[in-house]
Amino acid sequence: MRKAKPKKRVILPDPVFDDVRVTKFVNHLMYDGKKNTSFAIFYDALETVKAKMPNEELSALDIWKKALENVTPQVEVKSRRVGGATFQVPTEIRADRKESISMKNLIAYARKRGGKTMADKLAAEIVDAFNNQGGAYKRKEDMHKMAEANRAFAHFRF
């Protein structure tokens with residue numbers, strides 16, 4: 001590589017839970033630099049999650065973390081051209097990319113949901129992901145099925 005790798009930016013923890021992952025999630029959720037709005041949506045969603053699951057002994061933040069864990073894929077397929085043919089080669093995913101993919105999928109499928117506000121949609125998607133259901137969880141399962149189906153091409157890994 002000709003150029004040096006760019007420095008990783010330091011992400012500050014969020015004000016309520018003092019957690020860096022929450023800030024990363026809010027950054028993915030944010031539109032047009034409106035971070036306060038994104039924080040409000042996220043915290044409202046967690047309040048709704050807590051209200052929807054009163055008999056759960058975990059805190060709302062722990063439910064969200066478990067939901068993220070449930071929608072985190074372990075492998076993905078990448079296109080690799082070998083001798084005129086394109087193969088879908090299954091590859092492991094780096095830890096930081098896993099986290100990013102899971103957050104983006106959770107947000108994307110929350111946006112597609114029906115519901116009144118974004119906070120309600122996000123809360124519903126978090127509850128579904130916690131219970132191993134919903135669009136984001138299905139996306140993870142599909143990624144794993146694709147990788148399993150193309151396992152024969154694993155020797156083309158790069």
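**View A. Here's the largest nonpolar core of this predicted model.** This core has 31 residues, and the ones touching the most other members are Phe25, Phe42, Trp64, Leu106, Leu122 and Ile126. Helix 5 gives the most, with seven residues.

**View B. Let's zoom in on Leu122 and its contacts.** Skip the neighbours within four places in sequence, and Leu122 is in contact with Phe25, Leu29, Ile41, Phe42, Ala45 and Ala110.

**View C. Now for the buried residues of helix 1.** Helix 1 runs over residues 20-29, and Val22, Thr23, Phe25, Val26 and Leu29 are its buried ones. They cover an arc of only 160° around the axis, so they sit on the same side of helix 1. A handy rule: an α-helix has 3.6 residues a turn, so residues three or four places apart point the same way. And what covers these buried residues? The cover includes helix 2 (35-52), helix 3 (60-70), helix 4 (95-112) and helix 5 (118-130).

**View D. This one shows the start of helix 1.** Look for Asp19: one of its side-chain oxygens comes to within 3.1 Å of the backbone nitrogen of Arg21.

**View E. Last stop: Ala152, in the segment after helix 6.** Ala152 counts as exposed because its relative accessibility is 60%, and the cut-off is over 50%. Ala152 and Phe87 are 65 residues apart in sequence, yet their C-alpha atoms are 10.0 Å apart in space.

Technical notes: Residues numbered from 1 in each chain as written. Predicted model: local features only at pLDDT ≥ 70, side-chain atom pairs only at ≥ 80, totals over all residues. Heavy atoms only, no water. Buried < 20%, exposed > 50% of the residue type's maximum accessible area, 1.4 Å probe, protein only. Helix = DSSP H or I, 4+ residues; strand = E, 2+ residues; numbered from the N terminus. Arc of directions from axis to C-beta. Contact = heavy atoms within 4.5 Å. Polar contact = N/O pair within 3.5 Å; in protein donor to acceptor, adjacent residues only side chain to side chain. Core = buried A, V, L, I, M, F, W, Y, C linked by side-chain atoms within 4.5 Å.
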